[in-house]
Amino acid sequence: MGDAMVTARMAAEKKREGNLVLRSLGTNASAVMNKLYDYLLAHRALPEGLAEPPAVRKEHTPQEWACAFEWADSLLEPVQDDELAALSLDEMKWERLQSRGLIPSDMPYPGNEPKRLAAV
(Lines give C-alpha, C1' and ligand atoms only; values in the text may rest on other atoms or scores of the structure.)
Protein backbone atom coordinates (compact mmCIF):
# COMPACT_ATOMS: atom_id res chain seq x y z
CA MET A 1 0.00 0.00 0.00
CA GLY A 2 1.38 3.44 -0.92
CA ASP A 3 2.00 6.22 1.52
CA ALA A 4 -0.38 9.18 1.89
CA MET A 5 0.35 12.69 3.11
CA VAL A 6 -1.41 14.13 6.19
CA THR A 7 -1.44 17.92 6.42
CA ALA A 8 -2.03 20.05 9.50
CA ARG A 9 -2.04 23.82 9.89
CA MET A 10 -0.32 25.49 12.84
CA ALA A 11 1.81 28.49 13.61
CA ALA A 12 5.30 28.24 12.10
CA GLU A 13 6.95 28.82 15.48
CA LYS A 14 4.87 26.07 17.07
CA LYS A 15 5.96 23.66 14.32
CA ARG A 16 9.63 24.62 14.68
CA GLU A 17 9.63 24.21 18.48
CA GLY A 18 7.56 21.03 18.31
CA ASN A 19 9.96 19.46 15.81
CA LEU A 20 12.87 20.31 18.12
CA VAL A 21 11.12 18.56 21.02
CA LEU A 22 10.27 15.55 18.85
CA ARG A 23 13.89 15.33 17.67
CA SER A 24 15.10 15.47 21.29
CA LEU A 25 12.79 12.54 22.03
CA GLY A 26 14.22 10.56 19.11
CA THR A 27 11.21 10.79 16.83
CA ASN A 28 9.54 13.08 14.28
CA ALA A 29 6.08 14.36 13.30
CA SER A 30 5.46 11.57 10.79
CA ALA A 31 6.20 8.83 13.33
CA VAL A 32 3.97 10.49 15.95
CA MET A 33 1.11 10.91 13.46
CA ASN A 34 1.44 7.26 12.44
CA LYS A 35 1.21 6.21 16.10
CA LEU A 36 -1.81 8.49 16.60
CA TYR A 37 -3.60 6.95 13.62
CA ASP A 38 -2.71 3.43 14.86
CA TYR A 39 -4.33 4.33 18.20
CA LEU A 40 -7.42 5.82 16.50
CA LEU A 41 -7.92 2.71 14.40
CA ALA A 42 -7.41 0.34 17.35
CA HIS A 43 -9.56 2.21 19.89
CA ARG A 44 -11.92 4.33 17.76
CA ALA A 45 -11.16 7.22 20.14
CA LEU A 46 -8.51 9.81 20.83
CA PRO A 47 -5.88 9.06 23.47
CA GLU A 48 -6.80 10.32 26.92
CA GLY A 49 -5.89 13.96 27.28
CA LEU A 50 -6.40 14.74 23.58
CA ALA A 51 -10.17 14.38 23.46
CA GLU A 52 -12.29 17.45 24.12
CA PRO A 53 -14.62 16.99 27.08
CA PRO A 54 -18.21 16.50 25.97
CA ALA A 55 -20.17 19.71 25.77
CA VAL A 56 -22.46 20.24 28.72
CA ARG A 57 -25.96 20.79 27.46
CA LYS A 58 -27.71 23.50 29.40
CA GLU A 59 -31.27 22.80 30.43
CA HIS A 60 -33.34 25.87 29.66
CA THR A 61 -35.86 27.27 32.11
CA PRO A 62 -39.51 27.72 31.14
CA GLN A 63 -38.89 31.48 31.17
CA GLU A 64 -35.99 31.10 28.70
CA TRP A 65 -38.21 28.99 26.43
CA ALA A 66 -40.99 31.57 26.64
CA CYS A 67 -38.55 34.33 25.65
CA ALA A 68 -37.28 32.22 22.76
CA PHE A 69 -40.83 31.56 21.50
CA GLU A 70 -41.72 35.23 21.85
CA TRP A 71 -38.66 36.19 19.83
CA ALA A 72 -39.41 33.58 17.13
CA ASP A 73 -43.03 34.73 16.92
CA SER A 74 -41.83 38.31 16.49
CA LEU A 75 -40.18 37.23 13.24
CA LEU A 76 -43.52 36.38 11.64
CA GLU A 77 -44.78 39.00 9.24
CA PRO A 78 -48.15 40.44 10.19
CA VAL A 79 -51.01 39.05 8.11
CA GLN A 80 -52.71 41.68 5.96
CA ASP A 81 -55.40 39.47 4.39
CA ASP A 82 -58.64 39.68 6.41
CA GLU A 83 -59.54 36.05 5.63
CA LEU A 84 -56.15 34.82 6.83
CA ALA A 85 -56.19 37.13 9.85
CA ALA A 86 -59.34 35.36 11.07
CA LEU A 87 -57.54 31.99 11.16
CA SER A 88 -55.27 30.69 13.91
CA LEU A 89 -51.79 29.56 12.94
CA ASP A 90 -52.90 25.91 13.22
CA GLU A 91 -55.92 26.60 10.99
CA MET A 92 -53.65 28.24 8.42
CA LYS A 93 -51.41 25.17 8.45
CA TRP A 94 -54.49 22.94 8.06
CA GLU A 95 -55.68 25.00 5.09
CA ARG A 96 -52.23 24.81 3.47
CA LEU A 97 -52.10 21.01 3.87
CA GLN A 98 -55.58 20.73 2.36
CA SER A 99 -54.66 23.04 -0.55
CA ARG A 100 -51.72 20.75 -1.32
CA GLY A 101 -53.91 17.66 -1.23
CA LEU A 102 -52.21 16.24 1.84
CA ILE A 103 -55.43 16.28 3.87
CA PRO A 104 -58.82 15.55 2.28
CA SER A 105 -60.58 18.84 1.51
CA ASP A 106 -63.80 17.62 3.18
CA MET A 107 -62.04 16.75 6.44
CA PRO A 108 -62.90 19.43 9.01
CA TYR A 109 -60.29 21.05 11.21
CA PRO A 110 -60.14 19.06 14.48
CA GLY A 111 -61.90 20.69 17.39
CA ASN A 112 -64.01 23.16 15.42
CA GLU A 113 -65.09 24.00 11.94
CA PRO A 114 -62.37 26.01 10.19
CA LYS A 115 -63.06 29.35 8.62
CA ARG A 116 -62.72 28.39 4.95
CA LEU A 117 -60.63 30.45 2.58
CA ALA A 118 -62.07 31.42 -0.77
CA ALA A 119 -60.82 29.18 -3.58
CA VAL A 120 -57.82 30.67 -5.34
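## A buried tryptophan and its partner

Trp94 is buried, at a relative accessible area of 14% (buried means under 20%, exposed over 50% and partly exposed in between, with a 1.4 Å probe and protein chains only). This is a predicted model, in which local features need pLDDT of at least 70 and side-chain atom pairs count only at pLDDT 80 or more, while totals for chains, interfaces and linings use all residues. Residues are numbered from 1 along each chain as its sequence is written, and side-chain values use heavy atoms, with hydrogens and water left out.

The structure has two aromatic pairs, where rings of Phe, Tyr and Trp (its six-membered ring) pair if their centres lie within 6.5 Å, and planes under 30 degrees apart count as stacked, over 60 as edge-to-face and the rest as tilted. One of them joins Trp94 and Tyr109 edge-to-face, with 5.7 Å centre to centre and 85° between the planes. Trp94 sits in helix α5 (residues 89-99) and Tyr109 in the segment after α5, so the pair ties together parts 15 residues apart in sequence. Tyr109 also counts as buried, at 15% relative accessibility.

Helix α1 covers residues 12-24 (helices are DSSP runs of H or I with at least four residues, strands are E runs of at least two, and both are numbered from the N terminus). Its 13 residues reach 19 Å from first C-alpha to last, close to the 18 Å expected (1.5 Å times one less than the number of residues). Just after α1, Gly26 takes a positive phi of about 85°.

What does a search of the whole structure find in the way of salt bridges? There are two, each a side-chain nitrogen of Lys or Arg within 4 Å of a carboxyl oxygen of Asp or Glu. In α1, Arg16 and Glu13 are three residues apart, about one helical turn, and their closest N and O atoms are 2.8 Å apart. Arg16 is partly exposed at 43%, and Glu13 is partly exposed at 41%. Glu64 bridges to Lys58, with the closest N and O atoms 2.5 Å apart; Glu64 is partly exposed at 31% and Lys58 at 46%.

## The largest pocket

The largest pocket holds about 890 Å³ of space (on a 1 Å grid over the protein atoms alone, a pocket is an open set of points where a 1.4 Å probe fits, with protein on both sides within 12 Å along at least five of seven lines; lining residues have an atom within 4 Å of a point). Of its 23 lining residues, Val6, Ala29, Ser30, Val32 and Met33 are closest to the centre. Helices α1 and α2 (29-43) each give two or more residues to the lining, and α2 gives the most, with seven.

How values were computed:
Grid points are joined across faces, edges and corners, and a volume is the space filled by probe spheres set on the points.
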